[in-house]
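Morning, everyone. Please bring up the sequence and the structure, and I will walk through them.

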Amino acid sequence: MGLLGDTWDFYSGNRGFVDGALREHVDLCVTALAMAAATGVLLGVLCAKIGRIAAFAVTSIGNLGRTVPTFAVMGIALTLSTVGFWPAVVGLYALAVPPILLNTFTGLTAVDRDVVDASRGMGFTPLGILARVELPLAVPLIFSGIRTAAIEVVATATLAGLVGAGGLGEVVLSGLDTGQNDVLLAGAIPIAILALAAQLLFAGLERLATPRGLRVTRRLAIHEGRFS
Amino acid sequence: VKRRVRLIGAGLLAVLALVLVAAGCGSSSSSDSGSSTSGGSASVDGTSVTVADKGFTESQIIAQLYAQALEGVGYKATVKSLGSSDIADAAVRKGDIDLYPEYTGTAYNVILKKTDVPSPAAEYAAIKKAYAGRGLTTLTPSPYSNDNRVACTQEAVDKYGLKTLSDLGTASPNLVYSANPEHLTRADGLPLLKSAYGVHFKDVKSVALNLRYKPIEDGQAQCVYAFGTDPQIAKDKLVVLKDDLGKFQGLAYENFPVINSTFFQAQPPVFQQTIDKVDAALTQDAVQKLNASVDLDKEDPSDVAKSFLDQNGLG
């Protein structure tokens with residue numbers, strides 16, 4: 001109770017600092033995530049259509065990419081430019097692409113082949129099948145990839161405070177370094193709330209993006225589908 | 001299938017063994033250079049001593065100086081790297097390590113949790129007394145002090161007529177500042193600059209401790225939170241502003257050895273003599289150069305320490 005009270009006191013006395021950091025944090029996350037969603041979905045679709053070897057290569061590289069520390073990516077970006085917004089975005093982007101790419105790829109390859117055959121039989125073109133059958137069926141997995149990426153990005157954007165890009169990391173790290181737990185929480189609580197908000201937002205978007213008529217089919221496809 | 005399982009098991013064991021070996025090598029490195037000249041007293045011959053550093057350049061150099069100077073008089077020294085003052089303090093009290101270099105300001109403020117700002121002499125006297133009660137022996141601090149400064153580019157200094165921190169207060173709305181996150185909310189950091197000197201920077205770049213000078217070098221910031229022995233002050237031709245009110249420079253951050261008392265009492269006088277000689281040689285200028293050799297010229301801390309001891313006749 002005392003700690004939460006102290007946290008509120010710190011926040012009230014340093015509103016400009018914390019609110020500014022929050023805005024920077026959201027800017028960083030939205031930019032990195034939008035770029036990663038665009039690239040991840042596009043690459044995922046391409047890979048799913050190219051074939052098995054490409055699939056193996058992409059999933060391997062994707063999984064390998066997840067093991068590279070984000071701070072290392074930011075460090076490399078720093079040597080190419082100066083401190084600030086973009087090195088942090090590059091690091092977060094590299095973090096966010098693999099889960100989106102992998103989920104898009106898995107979502108598309110997991111679509112029941114019978115459904116695809118049926119669509120073809122009904123006269124859909126290959127592009128039509130992708131846009132109107134496969135992608136809608138893959139939406140739940142694609143969005144869960146974006147959701148995972150979003151939560152990781154929101155939490156990891158803390159590192160931006162070390163490369164001059166600001167964000168709530170400034171507050172968290174400052175509290176951590178000085179052992180002031182009220183300062184630490186004044187940064188950590190908004191990050192937790194942001195992560196929750198991202199979780200809810202993408203769960204909602206997923207519902208909206210899944211066509212109503214497909215919700216039943218989707219469930220069946222996932223239950224009976226071949227996860228190759 | 002069984003064979004495959006066994007193969008995987010063997011593979012995992014091999015990886016585990018490799019990791020353990022690597023960890024073992026990484027955590028402690030024996031510094032065995034310079035022991036050939038061991039003409040010291042026979043009573044210390046081969047006594048082992050474990051020195052710790054706190055994981056950053058200046059601390060690593062000084063730990064190496066202590067270790068190699070002690071080897072010069074016949075000790076068998078090992079250097080360990082620990083993460084922070086709290087960890088090093090716990091380790092030296094427990095006897096896991098025998099000594100480590102600490103700053104008077106950190107001991108006073110972080111370890112002893114005192115918030116006032118006494119004179120450097122009173123600061124060390126208080127530390128010596130409090131540490132004795134904690135099973136620790138301290139020796140005379142070095143002449144240099146790695147205390148708080150603000151340094152600005154020559155260009156900004158000329159443009160805004162900056163001489164003192166109060167001048168900085170007037171000019172700060174036009175200036176961008178570079179500092180590590182810790183400085184932003186630490187009571188003796190930016191909050192003090194705001195309240196005592198009226199400093200309100202246009203923008204503050206929060207960067208990792210060792211990246212503080214990058215915004216300056218890239219032209220993104222004009223002023224930086226500096227330590228007295230930062231080698232970049234000289235390299236980037238920065239001007240250190242005078243603390244006209246005497247509030248910011250605050251505590252002295254002189255280097256002194258923290259030694260486990262039980263260990264210290266078992267040593268002959270040559271131990272203290274050796275450590276005292278090293279600390280006496282650590283002037284502001286000398287430490288700035290030592291840091292420059294490691295941070296800017298990318299030399300190894302143990303090599304830098306060795307040549308410093310040789311040059312000063314301490315090897």
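In what order do the strands of the open sheet in chain B stand? The order is β8-β7-β9-β6-β10, five strands with mixed pairing. Because β8 (203–206) and β10 (238–240) of chain B stand at the edges with a single partner strand each, one side of each has no neighbour in the sheet. Neighbouring strands here are turned by 30 degrees against each other on average, direction ignored. That angle is taken between axes, which are lines fitted to C-alpha atoms (for helices over the stretch in contact), and angles run from 0 to 180 degrees between N-to-C directions.

Some ground rules before I go on. This is a predicted model, in which local features need pLDDT of at least 70 and side-chain atom pairs count only at pLDDT 80 or more, while totals for chains, interfaces and linings use all residues. Residues are numbered from 1 along each chain as its sequence is written, chains are lettered from A and ligands numbered from 1 in the order in which they are written, and side-chain values use heavy atoms, with hydrogens and water left out. Helices (H or I, at least four residues) and strands (E, at least two) are DSSP runs, numbered from the N terminus. Two strands pair if DSSP finds at least two bridges between them.

For anyone new to sheets: strands pair through backbone hydrogen bonds, either parallel or antiparallel. Strand β6 (residues 148–153) of chain B runs antiparallel to β10(B), and 3 bridges join them. One residue to look at is C152(B), whose bridge partner in β10(B) is V239(B).

The disulfide joins C152(B) to C223(B), with an S to S distance of 2.3 Å. The pair links distant parts of the chain, 71 residues apart: C152(B) is in strand β6 of chain B, and C223(B) is in strand β9 (residues 223–227) of chain B. The torsion about the S-S bond of C152(B) and C223(B) is about 105 degrees, so the disulfide is right-handed. Both cysteines, C152(B) and C223(B), are buried. Buried means under 20% relative accessible area, exposed over 50%, and partly exposed in between (1.4 Å probe, protein chains only).

Chain A also has buried cysteines to show. C29(A) counts as buried because its relative accessibility is 8%, and C47(A) counts as buried at 8%.

Staying with chain A, which elements does it have? It has 10 helices and 0 strands. The C-alpha trace of chain A spans about 65 × 40 × 20 Å along its principal axes. Of the 228 residues in chain A, 46% are buried. Contact means heavy atoms within 4.5 Å. Among contacts in chain A between residues at least 6 apart in sequence, 77% join residues at least 24 apart.

Next, the interface. The size of an interface is often given as the accessible area lost when the parts come together. Buried area is counted that way here, with a 1.4 Å probe and summed over both parts. Chain A and chain B bury about 1,300 Å² between them, 59% of it on carbon and sulfur atoms. In chain A, T82(A), V83(A) and L162(A) lose the most area to chain B, together 33% of what that side buries. The contact takes 19 residues from chain A and 15 residues from chain B.

Last, salt bridges. A salt bridge is a side-chain nitrogen of Lys or Arg within 4 Å of a carboxyl oxygen of Asp or Glu. Over all chains the rule counts 18, but across the interface of chain A and chain B it finds 0. In chain A, the side chains of D19(A) and R15(A) meet in one, at 3.8 Å, N to O. Both D19(A) and R15(A) lie in helix α2 (residues 15–50) of chain A, 4 residues apart, about one turn of the helix.

Is D19(A) buried or partly exposed? D19(A) counts as partly exposed because its relative accessibility is 24%, and R15(A) counts as partly exposed at 43%. In chain B, the salt bridge between E182(B) and R186(B) is 2.8 Å, N to O.

Methods
Disulfide = S-S within 2.5 Å. Buried area = accessible area lost by both parts, 1.4 Å probe.
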